[in-house]
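Q: Could you walk me through the pockets, cavities and helix packing here? I have the model open and would like to go one topic at a time.

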Amino acid sequence: MTTYYSGTVIGAVVTLGLLRRVNTMRSGGAGRHVMGATLATAGVVAFCTMTNPLYALWFVLPAGAVLLVLRVCSQLSSRALCRAGLVLCVGTALGMALRIPFAHSIVATTEDYWHLRDIGASLAYHARQVSDTLATRAGIASLCITLGMWIASIVIALAVVRRGKVVHSFIALSACLGPFIVAVAVIVMGSEATRYLQPWAFLPFLALTVLPGVEFAARGISRRILAWLPARESIGTLRAAGVVGAAIFLGVVCALTMPRINATVSVVDADLRCVTDWVDASGRTGAGLFWTMRVVS
């Protein structure tokens with residue numbers, strides 16, 4: 001996992017919840033709510049695709065496959081399938097269109113990601129990566145955890161689908177089918193970017209949210225919290241105390257961290273200075289790609 005794609009990860013998880021909501025809403029008597037949820041989901045899909053098209057691989061493709069599976073299992077109506085599919089297609093297309101004005105600032109092209117003639121090489125590369133990972137104890141542990149969680153998500157999905165509740169089935173199937181679909185797509189693309197397989201690290205864990213009994217436990221906790229909360233007339237005082245407490249906490253955090261932050265940003269990185277001087281001397285915006293090598297001790 002890397003924080004470089006944290007926005008894409010968060011976007012995929014958030015859209016999964018939004019699309020789950022869209023799938024379970026009924027048109028009768030709640031037209032505004034259905035339209036609002038649909039537009040909001042399409043907007044998030046468009047924004048995430050615009051900022052990183054990898055989102056289409058991590059979410060749009062698996063979500064579309066899961067929707068088709070739910071329709072085949074008769075857990076999703078044709079109307080809901082069309083609505084959700086339209087949201088995904090329109091949102092993705094709009095996101096790609098919004099990238100056009102920024103084309104002059106985007107270095108990578110479609111050809112950099114699609115290498116259909118290198119499917120065999122991609123498969124061999126990822127096989128070697130797995131083999132290298134199995135060569136260390138830490139690698140064996142990480143693979144066991146990853147595969148164990150994926151297998152657990154499959155078991156959970158099978159149990160949830162049998163219950164026939166589309167709300168939970170969509171999440172569970174996305175958790176178990178998503179990583180597999182992404183892996184197949186990466187190999188078909190001929191890509192050797194192992195980082196594109198990050199859904200294996202976060203999607204299977206979403207199956208835990210639909211475990212039988214979790215919903216009832218959450219409701220029980222909610223009831224206890226509501227019972228613990230003070231009366232309505234005390235809410236204002238509670239909010240004021242919360243604001244004051246938050247302000248004090250932020251003040252203490254800033255007082256403790258600002259000297260360290262100031263010292264860090266004041267240090268001039270010689271490598272970075274060399275690169276910025278080279279870019280400034282070129283007289284161009286976006287002078288090109290450059291790489292730096294650092295010794296890791």
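**Pocket, cavity and helix contacts**

A: Starting with the second largest pocket, and bearing in mind that this is a predicted model, the residues of its lining divide into 14 nonpolar, eight polar and one charged.

Q: How much space lies in the second largest pocket?
A: The second largest pocket holds about 780 Å³ of space. It is lined by 23 residues, of which Val-130, Leu-143, Thr-194, Leu-197 and Trp-200 are the closest to its centre.

Q: OK, staying with H5, at what angle do H5 and H7 pack?
A: The angle between H5 and H7 is about 130 degrees, and their axes lie 7 Å apart. Because of that angle, H5 counts as oblique to H7.

Q: Which residues make the contact there?
A: On the H5 side they are Ile-119, Ser-122, Leu-123 and His-126, while H7 brings Val-186, Ile-187 and Val-188. Sorted by class, this contact of H5 with H7 has five nonpolar, two polar and no charged residues.

Q: Which residues of H6 and H7 meet?
A: From H6 the residues are Trp-150, Ser-153, Ile-154, Ala-157, Val-160, Val-161 and Arg-163, and they meet His-168, Ser-169, Ala-172, Leu-173, Ala-175, Cys-176, Pro-179 and Phe-180 in H7. By class, the contact of H6 with H7 has 11 nonpolar, three polar and one charged residues.

Q: Switching to cavities, how many are there of 30 Å³ or more?
A: The count comes to two cavities of 30 Å³ or more, and about 70 Å³ of space lies in the largest cavity.

Q: What lines the largest cavity?
A: Its lining is made of Ala-12, Val-13, Leu-16, Trp-58, Phe-59, Pro-62, Ala-63, Ser-174, Gly-178 and Leu-203. By class, these lining residues of the largest cavity divide into eight nonpolar, two polar and no charged.

Q: Where do those lining residues come from, in terms of helices?
A: Helix H1 (6-24), H3 and H7 each supply at least two residues of the lining of the largest cavity, and the largest share, four residues, comes from H3.

Q: Then let's look at H3 and H4: is the crossing left-handed or right-handed, and at roughly what angle do the axes cross?
A: The axes of helix H3 (residues 54-72) and helix H4 (residues 78-98) come within 10 Å and cross at roughly 165 degrees. This angle makes H3 roughly antiparallel to H4, and the crossing of the two helices is left-handed.

Q: Which residues make that contact?
A: H3 contributes Ala-56, Phe-59, Val-60, Ala-63, Gly-64, Leu-67, Leu-68 and Arg-71, and H4 contributes Ser-78, Leu-81, Ala-84, Gly-85, Leu-88 and Thr-92. By class, the contact of H3 with H4 has nine nonpolar, four polar and one charged residues. Phe-59 and Ala-63, which take part in this contact, are also among the residues that line the largest cavity.

Notes: Residues are numbered from 1 along each chain as its sequence is written. This is a predicted model: local features need pLDDT of at least 70, side-chain atom pairs count only at pLDDT 80 or more; totals for chains, interfaces and linings use all residues. Side-chain values use heavy atoms; hydrogens and water are left out. Axes are lines fitted to C-alpha atoms, for helices over the stretch in contact, and angles run from 0 to 180 degrees between N-to-C directions. Angles under 35 degrees count as roughly parallel, over 145 as roughly antiparallel, 65 to 115 as roughly perpendicular and the rest as oblique. A crossing is left-handed if the near helix is turned anticlockwise from the far one by less than a right angle, and right-handed if clockwise. Contact means heavy atoms within 4.5 Å. Ala, Val, Leu, Ile, Met, Phe, Trp, Tyr, Cys and Pro count as nonpolar, Asp, Glu, Lys and Arg as charged, and the others, Gly among them, as polar. On a 1 Å grid over the protein atoms alone, a cavity is a set of points where a 1.4 Å probe fits but cannot get out, and a pocket is an open set with protein on both sides within 12 Å along at least five of seven lines; lining residues have an atom within 4 Å of a point. Grid points are joined across faces, edges and corners, and a volume is the space filled by probe spheres set on the points.
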